[in-house]
Amino acid sequence: MMSVITASTVNATFVRPAKFYLSGFSNMPHVKYYYVFLCFVYIVTVLGNSILLSVIYYVKTLHTPKYMVVFYLALTDICGSTALIPKVLDTFLFERRYIVYEACLSYMFFVLFFLSVQSWTLTTMAYDRFIAICFPLRYHSIVTTPSIAALLLFSWVTLFSLVGFTVGNIDNLSFCDSLVVNSFFCDHSPVYRLSCNDSSINYIMAYVALIIILCIPLILITLSYVGISIALGRIASGEERLKASKTCTSHLILVAIFFLPIIGTNIASVVSYINPNARMINTSLTNTMPPLLNPIVYSLKTEEILIAIKKLVKRNKISFSAKKRLKS
(Lines give C-alpha, C1' and ligand atoms only; values in the text may rest on other atoms or scores of the structure.)
Protein backbone atom coordinates (compact mmCIF):
# COMPACT_ATOMS: atom_id res chain seq x y z
CA MET A 1 0.00 0.00 0.00
CA MET A 2 2.64 2.50 1.10
CA SER A 3 4.87 1.93 -1.92
CA VAL A 4 2.21 3.54 -4.09
CA ILE A 5 2.83 6.83 -2.30
CA THR A 6 6.00 8.62 -3.20
CA ALA A 7 7.65 11.34 -1.17
CA SER A 8 9.37 14.43 -2.48
CA THR A 9 11.94 16.62 -0.74
CA VAL A 10 11.21 20.35 -0.67
CA ASN A 11 14.10 22.80 -0.20
CA ALA A 12 16.18 19.82 1.07
CA THR A 13 14.56 20.34 4.48
CA PHE A 14 11.00 18.96 4.56
CA VAL A 15 9.93 15.60 3.23
CA ARG A 16 6.39 15.86 1.93
CA PRO A 17 4.31 12.95 0.67
CA ALA A 18 2.62 12.99 -2.71
CA LYS A 19 -0.47 11.51 -1.03
CA PHE A 20 -1.95 10.47 2.31
CA TYR A 21 -4.11 7.40 2.87
CA LEU A 22 -7.36 7.84 4.85
CA SER A 23 -7.93 4.69 6.91
CA GLY A 24 -11.55 5.35 7.90
CA PHE A 25 -13.37 2.72 9.94
CA SER A 26 -11.55 -0.57 10.46
CA ASN A 27 -13.29 -3.99 10.65
CA MET A 28 -16.69 -2.38 11.09
CA PRO A 29 -19.52 -4.51 9.68
CA HIS A 30 -22.15 -2.92 7.41
CA VAL A 31 -20.24 0.39 7.42
CA LYS A 32 -21.67 1.31 4.01
CA TYR A 33 -25.09 1.78 5.64
CA TYR A 34 -23.51 4.49 7.80
CA TYR A 35 -22.26 6.29 4.68
CA VAL A 36 -25.75 6.05 3.16
CA PHE A 37 -27.06 7.60 6.41
CA LEU A 38 -24.53 10.44 6.03
CA CYS A 39 -25.73 10.95 2.45
CA PHE A 40 -29.32 11.28 3.76
CA VAL A 41 -28.10 13.70 6.49
CA TYR A 42 -26.38 15.86 3.85
CA ILE A 43 -29.46 16.05 1.59
CA VAL A 44 -31.76 17.00 4.50
CA THR A 45 -29.16 19.51 5.81
CA VAL A 46 -28.93 21.31 2.47
CA LEU A 47 -32.72 21.29 1.96
CA GLY A 48 -33.53 22.41 5.52
CA ASN A 49 -30.99 25.22 5.63
CA SER A 50 -31.85 26.34 2.07
CA ILE A 51 -35.53 26.66 3.11
CA LEU A 52 -34.49 28.66 6.21
CA LEU A 53 -32.27 30.93 4.09
CA SER A 54 -35.13 31.47 1.58
CA VAL A 55 -37.65 32.28 4.33
CA ILE A 56 -35.32 34.86 5.93
CA TYR A 57 -34.43 36.32 2.51
CA TYR A 58 -38.01 36.66 1.18
CA VAL A 59 -39.88 37.69 4.36
CA LYS A 60 -39.02 41.33 5.05
CA THR A 61 -40.13 41.21 8.71
CA LEU A 62 -37.15 38.89 9.32
CA HIS A 63 -34.62 41.41 7.95
CA THR A 64 -33.36 42.15 11.46
CA PRO A 65 -29.91 41.77 13.12
CA LYS A 66 -31.12 38.66 15.00
CA TYR A 67 -32.14 36.82 11.83
CA MET A 68 -29.07 38.08 10.02
CA VAL A 69 -27.08 35.89 12.44
CA VAL A 70 -29.47 32.96 11.88
CA PHE A 71 -29.04 33.46 8.11
CA TYR A 72 -25.24 33.24 8.44
CA LEU A 73 -25.50 30.17 10.69
CA ALA A 74 -27.64 28.41 8.05
CA LEU A 75 -25.17 29.42 5.32
CA THR A 76 -22.25 28.14 7.41
CA ASP A 77 -24.09 24.87 8.07
CA ILE A 78 -24.47 24.26 4.32
CA CYS A 79 -20.82 25.16 3.63
CA GLY A 80 -19.52 23.04 6.53
CA SER A 81 -21.54 19.97 5.51
CA THR A 82 -20.52 20.43 1.86
CA ALA A 83 -16.85 20.66 2.87
CA LEU A 84 -17.04 17.34 4.74
CA ILE A 85 -19.76 14.87 3.71
CA PRO A 86 -19.45 14.64 -0.12
CA LYS A 87 -15.70 13.98 0.20
CA VAL A 88 -16.28 11.34 2.91
CA LEU A 89 -18.78 9.56 0.63
CA ASP A 90 -16.43 9.78 -2.36
CA THR A 91 -13.50 8.45 -0.29
CA PHE A 92 -15.16 5.44 1.30
CA LEU A 93 -18.14 4.50 -0.86
CA PHE A 94 -16.00 4.52 -4.00
CA GLU A 95 -12.77 3.40 -2.27
CA ARG A 96 -10.75 6.50 -3.23
CA ARG A 97 -8.79 6.58 0.01
CA TYR A 98 -5.62 8.18 -1.34
CA ILE A 99 -5.70 11.97 -1.16
CA VAL A 100 -3.14 14.36 -2.62
CA TYR A 101 -1.09 16.25 0.02
CA GLU A 102 -2.33 19.72 -1.04
CA ALA A 103 -5.96 18.50 -1.29
CA CYS A 104 -5.65 17.04 2.23
CA LEU A 105 -4.59 20.41 3.67
CA SER A 106 -7.42 22.22 1.80
CA TYR A 107 -9.89 19.62 3.09
CA MET A 108 -8.61 20.12 6.64
CA PHE A 109 -8.79 23.91 6.37
CA PHE A 110 -12.40 24.16 5.16
CA VAL A 111 -13.78 21.58 7.64
CA LEU A 112 -12.07 23.28 10.61
CA PHE A 113 -12.87 26.80 9.39
CA PHE A 114 -16.62 26.24 9.04
CA LEU A 115 -16.72 24.36 12.36
CA SER A 116 -15.08 27.35 14.06
CA VAL A 117 -17.45 29.81 12.34
CA GLN A 118 -20.45 27.80 13.63
CA SER A 119 -19.07 28.08 17.17
CA TRP A 120 -18.60 31.86 17.04
CA THR A 121 -21.93 32.44 15.25
CA LEU A 122 -23.64 30.74 18.21
CA THR A 123 -21.67 33.11 20.48
CA THR A 124 -22.95 36.11 18.49
CA MET A 125 -26.50 34.79 18.94
CA ALA A 126 -25.89 34.59 22.71
CA TYR A 127 -24.74 38.25 22.66
CA ASP A 128 -27.99 39.18 20.84
CA ARG A 129 -30.13 37.41 23.50
CA PHE A 130 -28.06 38.93 26.33
CA ILE A 131 -28.63 42.51 25.10
CA ALA A 132 -32.31 41.82 24.31
CA ILE A 133 -33.11 40.60 27.84
CA CYS A 134 -30.62 42.53 30.00
CA PHE A 135 -30.87 45.88 28.17
CA PRO A 136 -34.26 45.79 26.37
CA LEU A 137 -34.63 49.58 26.09
CA ARG A 138 -31.20 49.95 24.46
CA TYR A 139 -31.43 46.79 22.30
CA HIS A 140 -32.23 48.53 19.00
CA SER A 141 -29.46 51.10 19.48
CA ILE A 142 -26.81 48.49 20.42
CA VAL A 143 -27.74 45.52 18.21
CA THR A 144 -27.85 47.09 14.76
CA THR A 145 -27.29 45.58 11.33
CA PRO A 146 -23.85 47.29 10.94
CA SER A 147 -22.71 46.17 14.44
CA ILE A 148 -23.74 42.54 13.84
CA ALA A 149 -22.19 42.60 10.35
CA ALA A 150 -18.94 43.93 11.87
CA LEU A 151 -18.97 41.18 14.56
CA LEU A 152 -19.55 38.45 11.97
CA LEU A 153 -16.92 39.85 9.60
CA PHE A 154 -14.37 40.16 12.43
CA SER A 155 -14.98 36.55 13.51
CA TRP A 156 -14.70 35.25 9.93
CA VAL A 157 -11.41 37.11 9.29
CA THR A 158 -9.92 36.13 12.67
CA LEU A 159 -10.91 32.47 12.33
CA PHE A 160 -9.74 32.36 8.70
CA SER A 161 -6.30 33.59 9.88
CA LEU A 162 -6.20 31.24 12.89
CA VAL A 163 -7.20 28.09 10.95
CA GLY A 164 -4.98 29.13 8.02
CA PHE A 165 -1.96 29.48 10.31
CA THR A 166 -2.73 26.19 12.12
CA VAL A 167 -3.12 24.22 8.88
CA GLY A 168 -0.23 26.09 7.21
CA ASN A 169 2.14 24.86 9.92
CA ILE A 170 1.70 21.32 8.58
CA ASP A 171 3.97 22.49 5.74
CA ASN A 172 6.84 22.72 8.25
CA LEU A 173 6.68 18.99 8.96
CA SER A 174 8.45 16.03 7.37
CA PHE A 175 6.62 12.75 6.80
CA CYS A 176 9.17 9.94 6.62
CA ASP A 177 7.28 6.91 7.94
CA SER A 178 3.59 6.00 7.86
CA LEU A 179 1.28 8.10 5.70
CA VAL A 180 -1.92 6.44 6.93
CA VAL A 181 -4.24 9.03 8.50
CA ASN A 182 -6.29 7.29 11.22
CA SER A 183 -9.44 9.25 10.61
CA PHE A 184 -12.32 9.54 8.14
CA PHE A 185 -11.03 12.94 6.90
CA CYS A 186 -7.78 14.92 6.98
CA ASP A 187 -8.11 15.86 10.64
CA HIS A 188 -5.38 18.08 12.11
CA SER A 189 -4.20 15.90 14.99
CA PRO A 190 -3.99 12.54 13.13
CA VAL A 191 -2.04 14.25 10.30
CA TYR A 192 0.57 16.19 12.30
CA ARG A 193 1.20 13.18 14.57
CA LEU A 194 2.52 11.30 11.50
CA SER A 195 5.49 13.67 11.19
CA CYS A 196 9.06 12.59 11.95
CA ASN A 197 10.46 16.01 12.94
CA ASP A 198 9.63 18.48 15.73
CA SER A 199 5.85 19.11 15.78
CA SER A 200 5.71 21.10 19.03
CA ILE A 201 4.35 24.23 17.26
CA ASN A 202 1.57 22.14 15.74
CA TYR A 203 0.80 20.67 19.16
CA ILE A 204 0.64 24.16 20.71
CA MET A 205 -1.50 25.49 17.84
CA ALA A 206 -3.91 22.56 18.25
CA TYR A 207 -4.50 23.65 21.86
CA VAL A 208 -4.66 27.37 20.95
CA ALA A 209 -7.25 26.58 18.27
CA LEU A 210 -9.23 24.43 20.73
CA ILE A 211 -9.30 27.29 23.26
CA ILE A 212 -10.31 29.94 20.70
CA ILE A 213 -12.78 27.80 18.72
CA LEU A 214 -14.49 25.94 21.60
CA CYS A 215 -13.49 27.06 25.11
CA ILE A 216 -13.79 30.86 24.79
CA PRO A 217 -17.17 30.74 22.94
CA LEU A 218 -18.56 28.33 25.55
CA ILE A 219 -17.34 30.56 28.42
CA LEU A 220 -18.86 33.67 26.78
CA ILE A 221 -22.17 31.87 26.14
CA THR A 222 -22.25 30.63 29.76
CA LEU A 223 -21.52 34.14 31.11
CA SER A 224 -24.22 35.66 28.89
CA TYR A 225 -26.79 33.17 30.24
CA VAL A 226 -25.70 33.86 33.82
CA GLY A 227 -26.47 37.54 33.08
CA ILE A 228 -29.77 36.56 31.44
CA SER A 229 -30.72 34.41 34.49
CA ILE A 230 -30.03 37.34 36.83
CA ALA A 231 -32.09 39.68 34.62
CA LEU A 232 -34.98 37.17 34.45
CA GLY A 233 -34.90 36.83 38.24
CA ARG A 234 -35.55 40.59 38.54
CA ILE A 235 -38.71 40.42 36.39
CA ALA A 236 -41.66 40.48 38.80
CA SER A 237 -44.29 38.97 36.48
CA GLY A 238 -44.03 35.20 35.99
CA GLU A 239 -45.72 35.49 32.59
CA GLU A 240 -43.22 38.09 31.38
CA ARG A 241 -40.34 35.97 32.71
CA LEU A 242 -41.62 32.93 30.79
CA LYS A 243 -42.10 34.98 27.62
CA ALA A 244 -38.52 36.33 27.83
CA SER A 245 -37.00 32.92 28.56
CA LYS A 246 -38.85 31.37 25.58
CA THR A 247 -36.85 33.60 23.22
CA CYS A 248 -33.69 31.77 24.39
CA THR A 249 -35.01 28.19 24.02
CA SER A 250 -33.98 27.69 20.38
CA HIS A 251 -30.50 29.06 20.98
CA LEU A 252 -29.92 26.92 24.09
CA ILE A 253 -30.93 23.78 22.15
CA LEU A 254 -28.49 24.70 19.34
CA VAL A 255 -25.69 25.31 21.86
CA ALA A 256 -26.34 21.94 23.52
CA ILE A 257 -26.44 20.12 20.16
CA PHE A 258 -23.16 21.72 19.06
CA PHE A 259 -21.01 21.80 22.20
CA LEU A 260 -22.02 18.77 24.31
CA PRO A 261 -20.92 16.05 21.83
CA ILE A 262 -17.57 17.80 21.18
CA ILE A 263 -16.88 18.29 24.90
CA GLY A 264 -18.01 14.73 25.67
CA THR A 265 -15.73 13.23 23.02
CA ASN A 266 -12.71 15.30 24.16
CA ILE A 267 -13.22 14.50 27.86
CA ALA A 268 -13.70 10.79 27.12
CA SER A 269 -10.51 10.69 25.02
CA VAL A 270 -8.52 12.28 27.91
CA VAL A 271 -9.84 10.14 30.78
CA SER A 272 -10.12 6.79 29.02
CA TYR A 273 -9.36 4.83 25.85
CA ILE A 274 -11.89 5.23 23.03
CA ASN A 275 -12.15 2.67 20.27
CA PRO A 276 -10.99 4.40 17.02
CA ASN A 277 -14.26 3.48 15.28
CA ALA A 278 -16.33 4.92 18.16
CA ARG A 279 -14.20 8.10 18.13
CA MET A 280 -14.69 8.52 14.37
CA ILE A 281 -18.46 7.99 14.63
CA ASN A 282 -18.63 10.56 17.47
CA THR A 283 -16.54 13.06 15.48
CA SER A 284 -18.53 12.57 12.27
CA LEU A 285 -21.88 12.96 14.07
CA THR A 286 -20.53 16.02 15.92
CA ASN A 287 -19.69 17.61 12.57
CA THR A 288 -22.87 16.59 10.73
CA MET A 289 -25.81 16.54 13.17
CA PRO A 290 -25.85 20.21 14.33
CA PRO A 291 -26.20 21.54 10.72
CA LEU A 292 -29.02 19.01 10.18
CA LEU A 293 -30.91 19.92 13.37
CA ASN A 294 -30.36 23.71 13.42
CA PRO A 295 -33.04 24.61 10.80
CA ILE A 296 -35.48 22.06 12.30
CA VAL A 297 -35.06 23.54 15.79
CA TYR A 298 -35.41 27.12 14.52
CA SER A 299 -38.46 26.29 12.39
CA LEU A 300 -40.30 24.42 15.17
CA LYS A 301 -39.25 26.48 18.21
CA THR A 302 -39.32 30.04 16.82
CA GLU A 303 -42.77 31.56 16.39
CA GLU A 304 -41.56 34.29 13.99
CA ILE A 305 -40.11 31.66 11.61
CA LEU A 306 -43.32 29.58 11.72
CA ILE A 307 -45.44 32.67 10.96
CA ALA A 308 -43.05 33.65 8.13
CA ILE A 309 -43.27 30.12 6.60
CA LYS A 310 -47.09 30.27 6.73
CA LYS A 311 -47.02 33.72 5.07
CA LEU A 312 -44.77 32.43 2.27
CA VAL A 313 -46.95 29.36 1.68
CA LYS A 314 -50.11 31.53 1.62
CA ARG A 315 -48.47 34.04 -0.75
CA ASN A 316 -47.35 31.27 -3.12
CA LYS A 317 -50.83 29.71 -3.09
CA ILE A 318 -52.43 33.06 -4.00
CA SER A 319 -49.93 33.74 -6.82
CA PHE A 320 -50.37 30.17 -8.16
CA SER A 321 -54.18 30.56 -8.13
CA ALA A 322 -53.90 33.95 -9.89
CA LYS A 323 -51.67 32.45 -12.62
CA LYS A 324 -54.12 29.56 -13.07
CA ARG A 325 -57.05 31.97 -13.55
CA LEU A 326 -55.08 34.04 -16.07
CA LYS A 327 -54.26 30.92 -18.12
CA SER A 328 -57.90 29.80 -18.13
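# Exercises on a predicted chain

A disulfide joins Cys176 to Cys196, with 1.8 Å from S to S. Keep in mind throughout that the model is predicted.

## Exercise 1: the link of Cys176 and Cys196

Find the handedness of this link and say which parts of the chain it ties together.

*Step 1.* Take the torsion about the S-S bond. For Cys176 and Cys196 the value is 40°, and the link is right-handed.

*Step 2.* Place each partner. Cys176 sits in the loop between helix 5 (145–168) and strand 5, while Cys196 sits in the loop between helix 6 and helix 7, so the pair ties together parts that are 20 residues apart in sequence.

*Step 3.* Check the accessibility of both ends. Buried means under 20% and exposed means over 50%, with partly exposed in between. Cys176 has 46% relative accessibility and therefore counts as partly exposed. Cys196, at 35%, is partly exposed too.

## Exercise 2: the link of Cys104 and Cys186

How many disulfides does the structure hold? Describe the link of Cys104 and Cys186 as well.

*Step 1.* The structure holds two disulfides. Cys104 and Cys186 are joined by one of them, at 2.1 Å from S to S.

*Step 2.* Read the torsion about the S-S bond: it is -125°, which goes with a left-handed link of Cys104 and Cys186.

*Step 3.* Locate the ends. Cys104 belongs to helix 3 (residues 101–134) and Cys186 to the loop between strand 5 (180–181) and helix 6 (188–192), so this pair ties together parts 82 residues apart in sequence.

*Step 4.* Are the ends buried or exposed? Cys104 has 0% relative accessibility and so counts as buried. Cys186 is buried as well, at 0%.

*Step 5.* Write the pattern. With bonded cysteines counted along the chain, the disulfides follow 1-3, 2-4.

## Exercise 3: two backbone angles

Look at the phi values of His30 and Glu95, and find where these residues lie.

*Step 1.* Recall the background. Most residues other than glycine have a negative phi.

*Step 2.* Read the angles. Phi of His30 is near 55°, a positive value. Phi of Glu95 is also positive, near 55°.

*Step 3.* Place the residues. His30 is in the loop between strand 3 (19–22) and helix 1 (31–58). Glu95 is in the loop between helix 2 (65–93) and strand 4 (98–100).

*Step 4.* Classify His30. Its relative accessibility of 62% is over the 50% cut-off, so His30 counts as exposed.

## Exercise 4: the whole chain

Describe the chain by its elements, extent, surface and charges.

*Step 1.* Count the elements: the chain has 10 helices and five strands.

*Step 2.* Along the principal axes, the C-alpha atoms fill a box of roughly 65 × 60 × 40 Å.

*Step 3.* Turn to burial and surface. Of the 328 residues, 44% count as buried. The accessible surface comes to about 17,300 Å², and carbon and sulfur atoms account for 68% of that.

*Step 4.* Consider contacts between residues at least 6 apart in sequence: 77% of them join residues at least 24 apart.

*Step 5.* Finish with the charges. The chain has 26 positive and 13 negative charges, and their mean positions are 15 Å apart.

Key: Residues numbered from 1 in each chain as written. Predicted model: local features only at pLDDT ≥ 70, side-chain atom pairs only at ≥ 80, totals over all residues. Heavy atoms only, no water. Helix = DSSP H or I, 4+ residues; strand = E, 2+ residues; numbered from the N terminus. Buried < 20%, exposed > 50% of the residue type's maximum accessible area, 1.4 Å probe, protein only. Contact = heavy atoms within 4.5 Å. Areas by Shrake-Rupley, 256 points an atom, 1.4 Å probe, with all protein chains shown as cover. Lys, Arg positive; Asp, Glu negative; His and termini not counted. Charge placed at Lys NZ, Arg CZ, Asp CG, Glu CD. Disulfide = S-S within 2.5 Å.
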